[in-house]
Each structure stands twice: as C-alpha cells, then as structure tokens.
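Good morning, everyone, and thank you for making time for this.

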Amino acid sequence: MSFDLDLTRRLGEAEIACRIDAGDGLTVLFGPSGAGKTSILNMVAGLVEPDAGHVRVGGETLFEAAAGIDVPASERRAGYVFQEPRLFPHLRVRANLLYGWREGALDVDETIVLLGIAHLLDRWPRTLSGGEARRVAIGRALLSNPRFLLLDEPLSSLDRARREEIMVLIERLRDTMKLPILMVTHDREEATRLGTRIVEI
Amino acid sequence: MTPELWGIVWLSLQVGGVAVLACLPVAFGLAWLLARGRFPGKLLLDGLVHLPLVVPPVVTGWLLLLAFAPTGPIGGWLESWFGVSVLFRWTGAAIASAVMALPLMVRAMRLSIEAVDRRLEQAAATLGAGRWRVFASVTLPLSLPGVLAGTVLGFARALGEFGATITFVSNVPGETQTLPLAIYAALQTPGGEGLVLRLAGLSVLLSLAALLVSELIARRAGRGLHVL
C-alpha cells in the first residue's frame, strides 16, 4: 500500500475532499483544472495543512489530525516536481540539482545524462527554456533521494521527443525503483499509459 | 582639503558607517517581522518604526536626550553598568543617525523580503531544508539586493542627519560635528562662506555617490542579476 489519503480542506467557498487508498505503483489524479488536484499534492507534501483526515505513505503516517501528527515538509522526503519549475534563480543549474542531495540517491552523473541536461550545468535558471527547466526540476527532486514522488503535470511544456524520454524515465522509476508516485495530469493518454490506477477528481 | 576638512568628512563617514552597521540587524529583524509576521500590534509597530520619518527631527533628538540622559532609562543603565555616557560623544551622534535612518532601511528591506517568492521557499522545504537553511540559502540571498540598497540609502540619510543630532549631542567640533553641523557652524561665523561652499560641495558629492550606488544595486536586482 503506498498512498493512503483521507483529506478535507476548505478553500474559501469550495471544499476539497479526497479519499484514496492506493496500492503500489503510480496513481494518477485525473480531472479538470481547478478541481483541487494540486492542493492534494501540497497536502501530501506538507505544504498545506488539511483540516481533517490523514496522510500515510508507504505505511508511515505523515499527518493525522486526530493524533496531532504533522511531519514538517522538510522531513517528509517527498520528491515534488511542481507545475512550474521553481528553480532557485540565484543558483546555477548544478547547485540547483544538488540542493537537496542525500546519500542513497540515484547516481548524479547518470541522472544528468538521463535527463539530457549535462550541457546546462553552468547556466543560470533564467536562461533555460521551459522544457530544460522542467528537466532540471525533475533531476533536483530525484537527487534528494525521495521516498515517494509527487508529479504535478510533469510532461506539460515538453516537446514530443522529450515527453517520450521523460515518460520512459517515469516508467522506470515506477517499475524498477518501486517509488510510490502520485501524479496529476489532465491528459487522458498520459494517464492511461503511466497510471497503475486512475483516480478521477 | 585641509586637515580640518578631512577630520569633518572622516567623522561623518565614521558616524554614518557605525550608525548603519549597528542599525542593520535591527532593521532587518523589523523588516522581517513586518513582512512575514502576523501578530497583534503589527500596525502599531509599523507606525513606531516610521515615526522618525514624519516627526520633526528636533522632537526625535529631544526624546533621545530624555532616554539617554544620566537620569533617563537607557542613560542611567549605561552609566551604572558601563560608566559611559553617549551625550556630547560621537557615539550619540551615531545613535541619532541610526534612529533617523531606520525607517528608510526597514522600508527597503521589507519590500525586498515581501518580493521573495514563497513558492521557492516551499520547494526548498520539500528538498529537505529546515527553516534556517531555507532562510540562509533562499530568502536571504534573494532579498539581499533590497537589503544592500536599503543600507546605502540609510547611510546617505545618516550623513545628512542634522536636527536630531544637534538636539541630542550638540555641536562639538571633532566629536559630534559632522558635515551638516559643520556647515551650520560655518554659516554662523562671519567670513565662513568659503568653508560653507567646500563643505556643501563635499556633502552633495557624498550623498550623490551613495544614491548612485543604491540605484545601481536596485537596477541590477531588477534585472535579475546577482549583486554579489
């Protein structure tokens, strides 16, 4: 069992409620924009506190309202690839990649080659294209040796060839590294190809 | 440039420099509180910080005099614990300059802290950075341009400080007589026009240089360039 979520949170007028009890592999959150998919990722990452419910990943409780458990975001070991790259603008690509590096992560050089970003290491983030920045953001998340991955539309703003490469990478992370993955998308094709299961929001 | 003139310039730079450096951590702390804090009385604190900007400097100087006089709350404490007094001393001039520079510094720093993208801090947190690392590695470097610009602006303000200084620590040559005070004294002296001209010229040059540096830093920051 990877993601065991039971979350509610009021956001102004709307209320986000979500109950997912997913097995291993990649769980897709599928639905239209504005349905609160990103909010769910934020609650799993510990960036937004749910009003009630619990967050358990791989059997470990990260949040439980009733028991007063709320593990800080910095200790949850989430590999969070945000919708926008969120690279640190004052650090070069190399420093961005290594910002959260932890022992036991994928091999740095291998990851760099895999993502095709070897030629970007000495560049500043503001000089990168959208697709390049996205790949650096994915690399940064992977090198922090995460216990699980949160991917918010990881394939948007990538060209066809790069999309295919990243999809293969995600499949590899899903199948060989056995990382539990929670991925948000509104692309049906992506969802059916990558998802072990699809949760409609 | 006569030695006397150099002495005045040097004293001004010393008073302004010490004032701004001592003020820096306080200003940054206040800017941080005002930008990020949520607490009752925030509006009041904001008002108090900005008070020296709008109150007549003479009043600020008089309030400082009350506080730092040997019988005052801070002055009495300094006297009994350290046996020192800042009255008629350059340290007092630095205190007056610091108080007058504080609002300008806090304003610039607060704006730059507010401009830091909180989403970057969130990203740092998910990568395992605790609060202090997030602050030191993301928030501080990204707000640094504003901090530096505010510091230079504060320094320029400190160089021009007159009203609070002359009220608080008087006009003692070689001790509290900074550029503006020296100009005032020269104006009161018959035949002092030549000295006034030279002092005023120096004063304009110094202020202009400080403003230019502040503007350069702000521009570089505005283009997303790195200040350091």
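Predicted model: local features only at pLDDT ≥ 70, side-chain atom pairs only at ≥ 80, totals over all residues.

K178(A) is not a glycine, and yet its phi is positive, at about 55°. Most residues other than glycine have a negative phi, and that is the background for mentioning it here. Is K178(A) buried or exposed? With 12 other C-beta atoms within 10 Å, K178(A) counts as exposed.

There is a second residue of this kind in chain A, namely R86(A), which is likewise not a glycine and has a positive phi of about 55°.

Let me now step back to chain A as a whole. Chain A is built from six helices and 10 strands. Its radius of gyration is 16 Å, close to the 17 Å that the globule rule gives for 201 residues, so chain A is as compact as a globular protein of that length. Taken along the principal axes, the C-alpha atoms of chain A fill a box of roughly 50 × 35 × 35 Å. Of its 201 residues, 44% count as buried, and if we look at the contacts in chain A with a separation of 6 or more, 72% of them come from residues 24 or more positions apart.

Turning to chain B, how many helices and strands does this chain have? Chain B has 10 helices and zero strands, and accordingly its elements, read from the N terminus on, are written as α-α-α-α-α-α-α-α-α-α. The box filled by the C-alpha atoms of chain B, again along the principal axes, is roughly 70 × 40 × 30 Å. Buried residues make up 40% of the 228 residues in chain B, while residues 24 or more positions apart account for 73% of its contacts with a separation of 6 or more.

Next I would like to look at how some of these helices pack. Two packed helices are described by the angle between their axes and the distance between the axes. For helix α1 (residues 3–36) and α5 of chain B, the axes come within 6 Å and cross at roughly 40°, and α1(B) and α5(B) are therefore oblique to each other. The crossing of this pair is right-handed, and the contact of α1(B) with α5(B) has 24 nonpolar, three polar and three charged residues.

Helix α5 (residues 90–114) of chain B also packs against helix α7 (residues 131–159) of chain B, where the axes come within 8 Å and cross at roughly 160°. At that angle, α5(B) and α7(B) are therefore roughly antiparallel to each other, and their crossing is right-handed. Among the residues that meet here are M100(B), L104(B) and M105(B) from α5(B), and V147(B), A149(B) and L153(B) from α7(B). The residues of this contact divide into 13 nonpolar, seven polar and one charged.

Now to where the chains come together. The contact takes 17 residues from chain A and 15 residues from chain B, and on the side of chain A that touches chain B there are nine nonpolar, four polar and four charged residues. Helix α6 (residues 118–126) of chain B has as its buried residues Q122(B), A123(B), A124(B), A125(B) and T126(B). What covers these buried residues of α6(B) includes α1 (37–45) and β7 (78–81) of chain A, together with α7 of chain B. Just after α6(B), G128(B) takes a positive phi of about 100°.

I will finish with A185(B), which lies in helix α9 (residues 179–188) of chain B. A185(B) has 18 C-beta neighbours inside 10 Å and so counts as partly exposed. Leaving aside its neighbours within four places in sequence, A185(B) is in contact with N171(B) and Q177(B).

Conventions
Residues numbered from 1 in each chain as written. Chains lettered and ligands numbered in written order. Contact = placed C-beta atoms within 7 Å. Nonpolar A, V, L, I, M, F, W, Y, C, P; charged D, E, K, R; others polar. Helix = DSSP H or I, 4+ residues; strand = E, 2+ residues; numbered from the N terminus. Rg over C-alpha atoms; globule rule 2.2 N^0.38 Å. Buried ≥ 20, exposed ≤ 12 C-beta atoms within 10 Å, placed from the backbone. Axes fitted to C-alpha atoms, helices over the stretch in contact; angles between N-to-C directions. Parallel < 35°, antiparallel > 145°, perpendicular 65-115°, else oblique. Left-handed = near helix turned anticlockwise from the far one by under 90°.
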